[in-house]
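Here is a report on the structure shown below.

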Amino acid sequence: MVQNDTVSPRLTIRILIVDDSSLVRLYYRNILERAGFEVEQAINGIEAIERVQAQAFNLVVVDVNMPKMDGFSFLRALRRSAPSVATLPALVITTESSQHDLDDARSAGANFYLVKPVSEADLLRHAAILTGRQNERIA
Amino acid sequence: MAGLEAEQIRPTQLTQEEVRRVCEFLYRRTGMVFADSRRYYIDRRVAERIAATQSDSFRSYFSVLRSDANHEIEHLVNAFTINETYFNREEHQLRCMTSSLLDNIVGVRDRREAIRIWSIPCSTGEEPYSIAMWLMEHWSEVDSYNIEIVASDIDTRALKAGAQGIYSERALMRLSQNVISRYFEPLPDSRYQIHPGLIDSVQFTRANLIDSRDMARYRGFDIIFCRNVLIYFDDSSRRIAAENLYDCLRPGGYICLGHSETMSRISSLFRVCSFSEAIIYQRPEADHGAK
């Protein structure tokens, strides 16, 4: 579990949640905002690409299964973007847990991969590590 | 000015026959039964509509109604429906949904298939939004499934208000401060605006419980909340509504009624399920549509 006191109050850490379900976006947003992160949302990969190009983020949390542009296509587009955007850490969230899916996530450019249902503790821990809020390595 | 308006819509004294005609008309359209004991309520609603349509008598109003000029049937139905409710009403059923019903549903479900929940009648949205908030607060698998929440009512004014999502403090009386701060924004007039993410999570549609053709548009629900409406119906309308709702459920799907309502007295189609939190009715798993 991530402790709130590990955050510098002056430092804003901005996370983009990308999921086509408004209920799921709201669910993740609540968890992350309660822990002090600032959260923005996009409903698919196309909108997410526009958002990361227009505004600076510290992390993108992206669902794999989305209409229009899915999570993997978004990640490949992200990694081909201008250098300032291409290195944005990405936490991929999916319902599948096979080795094949894990390999797909890695090759698309995911920094880490969580399988649904994602617990509050897991989401906060990985968000903290990937944004540098918590000095720990992910195994 | 407000006083003058109140004066203009003061209940006109309808005759017994006029009341009978309006009640008969409403019954045929909606299944709702209005007893003589609610005479003042009936007079007042009809007087409102006579004033709104600028009719000079009951007789001229009734011909406007029968010809459905300017959607008068919808306006009359809207005037007669009752929309008093609040968030987390009959919370034990919401608890039953996340502690038992959903586990039973997802146990035999492919994760890619949507879970469909229906709130009918949804009034001004308190119930479907309560369901959405309850799922986010109390169901750890909320992110694992595509959850569709459909909210239907016969009253189009109520549906519009639901989609706007603005509520009085009274409607929020059962919610904790944490939940209020997470999902509502206070407005300057002491009302509250619900979070736009919740509005996006609920699909509002018009539906009439006793109209089989209307109800045929709704199929494959896993859980239906149909609370405190069947009490306004007579036996025959209740049976029609129950059969329609049965067809809207998936085999194995559940229906929650209001605390004073009992499906067993209405229809034998459903199985009674006694959970520790609530009594819920189920469309039997083995039955694939035969009635």
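## The sheet

Strand 7 (residues 221–226) and strand 8 (residues 249–257) of chain B run parallel, joined by 5 bridges. Strands here are DSSP runs of E, at least two residues long; helices are runs of H or I, at least four residues; both are numbered from the N terminus. Phe221(B) has Leu249(B) as its bridge partner in strand 8 of chain B. This is a predicted model: local features need pLDDT of at least 70, side-chain atom pairs count only at pLDDT 80 or more, and totals for chains, interfaces and linings use all residues. Residues are numbered from 1 along each chain as its sequence is written, while chains are lettered from A and ligands numbered from 1 in the order in which they are written.

The open sheet of chain B has 7 strands, in the order 6-2-1-7-8-10-9, with mixed pairing. Two strands pair if DSSP finds at least two bridges between them. At the edges lie strand 6 (202–206) and strand 9 (271–274) of chain B, each pairing on one side only. From one strand to the next, the twist averages 25°.

Helix 6 (residues 91–106) of chain B packs on this sheet. Helix 6 touches strand 1 (115–119), strand 7, strand 8 and strand 10 (279–282) of chain B, and its direction makes about 160° with that of strand 7. Axes are lines fitted to C-alpha atoms, for helices over the stretch in contact; angles run from 0 to 180 degrees between N-to-C directions. Contact means C-beta atoms, placed from the backbone, within 7 Å.

## The whole chain

Chain B holds 12 helices and 10 strands. Its radius of gyration, 20 Å, is close to the 19 Å that the globule rule gives for 291 residues, so chain B is as compact as a globular protein of that length. The radius is taken over C-alpha atoms; the rule is 2.2 Å times the number of residues to the power 0.38. Among contacts in chain B between residues at least 6 apart in sequence, 75% join residues at least 24 apart.

## The side facing chain A

The contact takes 16 residues from chain B and 13 residues from chain A. Helix 10 of chain B gives the most to its side, with 4 residues.

## Confidence

Chain B averages a pLDDT of 90, and 93% of the residues score at least 70. pLDDT is the predictor's confidence in each residue, from 0 to 100. Over residues 1–8 of chain B, pLDDT stays under 50. The complex gets an ipTM of 0.85 and a pTM of 0.85 from the predictor.

Terms used:
Contact = placed C-beta atoms within 7 Å.
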